[in-house]
Amino acid sequence: MEENRDLIEFNGTQVKVLIKNNTIEIEMNELAKAIGYADVIGIKKLIDSNPELKNKEFSYLKKVDSIENGIIKKREKRVFTEDGLYEVSMLANTEISKKFRRRIREIMKQLRTGNLILQTPGIQKQQLQLDEMIDLIKSRDEEIKSFLEMFEQIRNSVEDIKLMKTNMDIIIKSQDEMAEAINSLIDEVYGKDDEE
């Protein structure tokens, strides 16, 4: 299927490029989007006016898998090399193409000096999933903390109830002892009942 592509954030959109071995390649439709063309027709006109853009130095045709009506088909797409990207963006001669050319130059310099590590969309997707999982764990941690606090309160209440039961047992025992003492006193004062 399709190779892993790197995403470059440019001018509010994400542009798919293939960066490997310190070189960059970009498909014609992505390049058109990056330099502000509505579609590939503008680049095709540039190629017609400048046929050298078809040279391997600037671009080449690449067979890629394309899904059409649920069926995988091999299609040819024009892919521009780094030199081709610079050439097309110079020929386009628009402000956005100049900015894109500068942005690519910055990225490639940083990449070649080891100051930039690109993430492929698969890794970005995994990172998003990990971030979601972390957020879920954090929210679950809060729920668990809330449950633990509630269980602590219940435990304290149970301890209080146990203490109350102990106190009640002491009161009942004291009451029983007082009742016995009163009964003994009554017996002494009034004498024992003969009926017993």
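Q: Which residue takes a positive phi in the hairpin of E2 and E3?
A: Asn21, with a phi near 50°. The hairpin has two residues between the strands. Keep in mind that this is a predicted model.

Q: How many bridges join E2 to E3?
A: Three, and the two strands run antiparallel.

Q: Is E3 largely enclosed or open to the outside?
A: Largely enclosed by the rest of the structure, because four of its five residues are buried.

Q: What else does E3 pair with?
A: E5, in the antiparallel sense, over two bridges. Ile26 has Phe80 of E5 as its bridge partner.

Q: OK, zoom out. In what order do the strands sit in the sheet?
A: E1-E2-E3-E5-E4. It's an open sheet of five strands, with antiparallel pairing. E1, residues 6-10, and E4 are the edge strands, and each of them pairs on one side only. On average, neighbouring strands are turned by 45° against each other, ignoring direction.

Q: Which helix lies across E1, E2 and E3?
A: Helix H4, residues 95-112. H4 runs at about 130° to E1.

Q: And the whole chain, what pattern does it follow?
A: β-β-β-α-α-β-β-α-α-α, read along the sequence. That comes from five helices and five strands.

Q: How much of the chain counts as buried?
A: 25% of its 196 residues. The chain exposes about 14500 Å², and carbon and sulfur atoms supply 53% of that.

Q: Now Ser59. Where does it lie?
A: In strand E4, which covers residues 59-68.

Q: Buried or exposed?
A: Ser59 is buried, with a relative accessible area of 1%. The cut-off for buried is under 20%, so Ser59 qualifies.

Q: Which side chain does Ser59 have a polar contact with?
A: That of Arg78, at 2.8 Å.

Q: And what else is Ser59 in contact with?
A: Leaving aside neighbours within four places in sequence, its contacts are Leu53, Lys54, Arg78, Val79, Phe80 and Thr81.

Key:
Residues numbered from 1 in each chain as written. Predicted model: local features only at pLDDT ≥ 70, side-chain atom pairs only at ≥ 80, totals over all residues. Heavy atoms only, no water. Buried < 20%, exposed > 50% of the residue type's maximum accessible area, 1.4 Å probe, protein only. Polar contact = N/O pair within 3.5 Å; in protein donor to acceptor, adjacent residues only side chain to side chain. Contact = heavy atoms within 4.5 Å. Areas by Shrake-Rupley, 256 points an atom, 1.4 Å probe, with all protein chains shown as cover. Pairing = 2+ DSSP bridges. Axes fitted to C-alpha atoms, helices over the stretch in contact; angles between N-to-C directions.
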